[in-house]
Amino acid sequence: MAKNLLTFSLFCAFFFFGIQNYTAQNVAIKTSLSSLKQPPYLEAGDSVAIVAPSGILKNRQAEIQKAQALLKSWGLHPVVGKHVFTQNNHFAGSDDERCEDFQNAIDDPSIKAVWCARGGYGAVRILDKLNWTNFKKHPKWVIGYSDITALHSDVHNLGYQSLHAMMCTSLQDAPETIKETISTFKNALMGTPISYTLKGSNYNKPGTVSGELVGGNLSILQTMLGSNSSLNTSGKILFIEEIGEYKYHIDRLLQSLKRAGYFDHCAGVIVGDMTKIKKNTTPWGSSVEQLILDVLADYDFPVAFNMHAGHDKDNCALIFGRVVNLSVEKEKSTINFEK
């Protein structure tokens with residue numbers, strides 16, 4: 001009798017907790033497929049703040065002027081931050097000055113988007129100084145890539161979409177050489193649907209998934225680990241890109257994310273540009289694509305290569321926090337952003 005009672009109790013406990021776990025997993029999946037809050041798309045007459053939360057803008061006045069002209073050509077009104085051209089050693093002004101410009105931009109309800117002038121390094125130094133209260137009342141697009149990944153991560157964790165796209169200094173290149181970079185930025189900012197068909201790769205890991213798109217620069221994602229800015233990638237599709245690193249360092253970054261559980265419940269990975277990879281005196285021994293696949297060998301989610309986003313001229317816009325449908329084959333991959 002006692003044995004039967006014990007068996008029944010264990011069955012009940014298993015059933016109860018099993019149902020709880022099943023329910024929790026389904027809630028998590030449902031949440032991951034629910035797009036974050038979208039800031040309003042821009043229309044003619046809207047204002048866009050140009051700010052510099054990271055590196056110094058020394059002798060870059062021409063690019064800022066081109067950025068202003070580009071916005072005006074779309075019927076938008078550029079507002080340049082007070083400290084954009086301030087110089088403080090490595091940075092575009094002190095931490096307080098850079099924070100002031102960004103804070104003013106997210107506080108002002110007339111500003112509909114915050115366009116970062118450049119990356120470099122420095123955004124992480126102002127993260128904990130920012131107050132997002134007014135941003136939540138009047139959400140707006142935060143735009144940039146590279147070091148701006150730190151800000152994208154915070155915006156994502158607040159529950160809002162943001163735009164991984166060109167920055168003002170991207171206009172150091174002649175407009176005719178970065179047509180897709182500019183056009184996809186405009187389309188994403190102003191509400192024209194975007195989708196991409198990627199060139200095939202023998203390194204592609206086939207599969208079809210849907211989930212919120214998150215990610216950015218690999219070094220910055222690794223830097224965010226252990227902080228409130230670290231991303232929860234469960235059920236989400238992770239985009240990564242990098243520039244100017246040795247292959248062993250790319251491996252170290254990925255191994256750090258892996259050990260932190262970054263890929264355990266990830267839905268898929270999109271690999272962007274791995275630009276200007278440095279040569280070490282001791283050869284790594286494989287391509288960067290194979291390096292990435294080796295790190296991800298324990299997981300069965302799809303992996304797509306050849307996404308033109310990152311530090312090359314073709315830097316196609318990506319809407320972070322938006323649900324995307326990813327289909328990966330050896331011959332090609334498709335990325336469709338849900339409306």
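Biologist: Which strands make up the open sheet of six, and in what order?

Modeller: In this predicted model, the order is E2-E1-E3-E4-E5-E11, and the pairing within that open sheet is mixed.

Biologist: And which strands stand at the edges?

Modeller: Those are strand E2, residues 77–80, and strand E11, residues 318–320; each has a single partner strand, so one side of each is left without a neighbour in the sheet. On average, and with direction ignored, neighbouring strands of this sheet are turned by 25° against each other.

Biologist: What packs on the sheet, touching E1, E3 and E4?

Modeller: Helix H3, residues 95–107, does that, and its direction makes about 155° with the direction of E3.

Biologist: In which sense do E4 and E5 pair?

Modeller: Strand E4, residues 141–144, and strand E5, residues 162–164, pair in the parallel sense over two bridges, and in E5 the bridge partner of Gly144 is His164.

Biologist: Now the open sheet of seven strands: what is its order?

Modeller: The strands run E6-E13-E12-E7-E8-E9-E10, again as an open sheet with mixed pairing. Its edge strands are E6, residues 195–199, and E10, each of which pairs on one side only.

Biologist: How many bridges join E6 to E13?

Modeller: Five bridges join E6 to strand E13, residues 332–337, and the two run antiparallel; Lys199, for instance, has Lys332 in E13 as its bridge partner.

Biologist: Switching to helix H9, which of its residues are buried?

Modeller: H9 covers residues 288–295, and its buried residues are Val288, Leu291, Ile292, Leu293 and Val295.

Biologist: Last topic, Leu57: where is it found, and is it buried or exposed?

Modeller: Leu57 is found in the loop between E1 and helix H2, the latter spanning 61–73. Leu57 has a relative accessible area of 1%, and because buried means under 20%, Leu57 counts as buried.

Biologist: Which residues does Leu57 touch, leaving out those up to four places away in sequence?

Modeller: Leu57 touches Ala52, Ile64, Val84, Phe85, Ala92, Ala117, Arg118 and Thr169. As for Ala92, it lies 35 residues from Leu57 in sequence, while the two are 6.2 Å apart in space, C-alpha to C-alpha.

Notes
Residues are numbered from 1 along each chain as its sequence is written. This is a predicted model: local features need pLDDT of at least 70, side-chain atom pairs count only at pLDDT 80 or more; totals for chains, interfaces and linings use all residues. Side-chain values use heavy atoms; hydrogens and water are left out. Buried means under 20% relative accessible area, exposed over 50%, partly exposed in between (1.4 Å probe, protein chains only). Helices (H or I, at least four residues) and strands (E, at least two) are DSSP runs, numbered from the N terminus. Two strands pair if DSSP finds at least two bridges between them. Axes are lines fitted to C-alpha atoms, for helices over the stretch in contact, and angles run from 0 to 180 degrees between N-to-C directions. Contact means heavy atoms within 4.5 Å.
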